[in-house]
Amino acid sequence: MFQIDQYAYSNRLLTVHPGEKLAFAVITMIICLISQSLAALLAAAVLMAGAVILAGIPLRVYLKLMTVPASFLVIAVGAVAVSISGNGEGYLWGVDLGRFYIGIGSCNLDLSILLLCRSLGAISCLYFLSLTTPMVEVISILRKLRVPPLFIELMGLIYRFIFVLVETAESIYTSQSSRLGYRNLKTGYSSLGILAANLLVRAYRRSEILFTTLSSRGYTGEIRVLETQFAVSGKNILAIMAIDVLLILLSLAEMSGGGLIGRIYN
Amino acid sequence: MAESIIEAVNVEYRYPDGTVALSSLSMSIEKGKKIAVLGSNGAGKTTLFLHFNAVLKPSGGHIRFGGKEINYNRKCIEELRSNVGIVFQDPDSQLFSASVVQEISFGPINMGLPRDEVLSRVSRAMIDTETDQLGGRPTHFLSYGQKKRVSIADILAMDPEVIIFDEPTACLDPRLSVHVTGLLDQLSRKGKTVILSTHDVDLAYSWADYIFVINGGTVSGEGKPEDIFRDRDFLTRNSLERPWIIDVFDELMSKGLVLGDCPAPRSREELLDCIPASESPGRALLKKIK
Ligand SMILES: Nc1ncnc2c1ncn2[C@@H]1O[C@H](COP(=O)(O)OP(=O)(O)O)[C@@H](O)[C@H]1O
Ligand SMILES: [Mg+2]
């Protein structure tokens, strides 16, 4: 997670208006969630991967990040593909268990492939956003979009204090393990319990101290800060529009041409 | 008596858990001076500073700013907080934003300044603390020293009359300590009242114009640095060390190795200046023996 965050602050698309990146990621993701076209979904995934590479993130790192959701995906897609029924009709492959038949049906297979591509597309959009756009800027765009201040402030504080909390947890863990706290399973469980309890207490104490330090700088219930100004680029907006319109057209074309979905329902 | 800018009069404070942190503490801080507050851990330094900023309200006694008693209504508190800034000991408890620029802009924006003024103050504070290279970095990837400097810029951008530094040089490497004390001197030259708390007697001795010693939640002694550190009984009572410069100076003096008219030195350089180049009584004596 820290690695993603580090790239977010050091990639080549850092100077691009965060609103443009957010719009690109969100619109493309919506298309991915609606589109039934395999081609459009795969194109979206490839485009996002391309954009991430363009931003200077090594392909190796990107692929490694992709393996994180991949394990969930494989399980979910597998579960959709496999089904049980009374007879072996319409199954591409299966096992006869006497009264039941377990196997992979052709419609289930198509559905699971669609699901896989859709998830890939949507995940790529999210990765694009989080690898190229610092959280601080996502938050400031949301503020400009008039998302309620309470929500914005919470997001900002949670983001900042995740790192403090992880640091605290790490230091407690180190101090415990240097005194053999994780020598075996039994001490491990008890150390972990102490760590969790301490983390809670310290987080609470931290929030109190934060309130004090903010108050001393004139906090009266609302966090207001300077916003960074970015240049809007007409070229980028055009490119985003072109790409997304293309993806939509691709989806529509396949729908009317009776693509995958046509085959399922025929 | 010179004008006092901030004053604690018989202040009592008890934390909700029953700990008595301050008991009948009185302290009067002169405008434009460099003040050191010396005290061991738990003496009550931080608690006192929170009173100077109206974050805590005394359970007895009162605080005065510019001669006027603080009455804890909103306007009075806001005015006090824009006139008195505190740089807290742990920068991680002060930095609330992941963005350095947003972090530093928080105080000036709360003071209701216009955007241009906020911008110019933020950039000036960043230059003064040498954090201008960190603008695009998130605060969680900064080193401790960098975070400390950002937390100082936080307060400089508010440009308060009185700036309080709570143990500013704890955990800093020597180079950064020197940078921070340099900053303190610079602020003092601009006419600010600078208060710092520390348990480093050498720092307090060579930097401060006036020293308060806090022990067990009350002021156990105050005075000019050269007077405070002469009284050995007082030092042992408050478990304070003697600054090394005084130790060396006294030793040299007792052996007759310093110039007769030399005042007590405050820094390493002043101490070296007290040692005569060639002809001193000590050296003359040595020559005679030869
Ligand atoms: N939030 C708190 N709740 C209860 N007791 C506290 C709290 N903060 C400080 N204290 C107690 O008040 C006393 C003074 O603490 P503090 O002002 O932090 O001292 P110093 O800054 O000189 O180290 C200590 O005994 C400390 O344990
Ligand atoms: Mg303290």
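Which element gives the largest share of the lining of the largest pocket? In this predicted model, that share, seven residues, comes from H8(A).

**View 1. The largest pocket and the residues around its centre.** The space in the largest pocket amounts to about 880 Å³, and 29 residues form its lining. Those that lie nearest the centre of the largest pocket are Arg205(A) and Ile209(A) from chain A, together with Tyr15(B), Thr46(B) and Leu50(B) from chain B.

**View 2. Elements and residue classes in the lining of the largest pocket.** Two or more residues of the lining of the largest pocket are given by helix H8 (185–215) of chain A and likewise by helix H1 (45–52) of chain B. Sorted by class, this lining holds eleven nonpolar residues, alongside nine polar and nine charged ones.

**View 3. The second largest pocket and its surrounding helices.** The second largest pocket, with a volume of about 420 Å³, has 15 lining residues, of which Ile4(A), Asp5(A), Ser130(A), Met135(A) and Tyr159(A) lie nearest its centre. In chain A, helix H1 (2–10), helix H5 (106–132), helix H6 (135–144) and helix H7 (149–177) are the elements that give two or more residues to this lining, and the largest share, five residues, comes from H7(A).

**View 4. Domains and residue classes in the lining of the second largest pocket.** Domain 1 (1–133 + 233–266) and domain 2 (135–230) of chain A each supply at least three residues to the lining of the second largest pocket. By class, twelve residues of this lining are nonpolar, two are polar and one is charged.

Methods. Residues are numbered from 1 along each chain as its sequence is written. Chains are lettered from A and ligands numbered from 1 in the order in which they are written. This is a predicted model: local features need pLDDT of at least 70, side-chain atom pairs count only at pLDDT 80 or more; totals for chains, interfaces and linings use all residues. Side-chain values use heavy atoms; hydrogens and water are left out. On a 1 Å grid over the protein atoms alone, a cavity is a set of points where a 1.4 Å probe fits but cannot get out, and a pocket is an open set with protein on both sides within 12 Å along at least five of seven lines; lining residues have an atom within 4 Å of a point. Grid points are joined across faces, edges and corners, and a volume is the space filled by probe spheres set on the points. Helices (H or I, at least four residues) and strands (E, at least two) are DSSP runs, numbered from the N terminus. Ala, Val, Leu, Ile, Met, Phe, Trp, Tyr, Cys and Pro count as nonpolar, Asp, Glu, Lys and Arg as charged, and the others, Gly among them, as polar. Domain bounds come from an automatic or database domain assignment.
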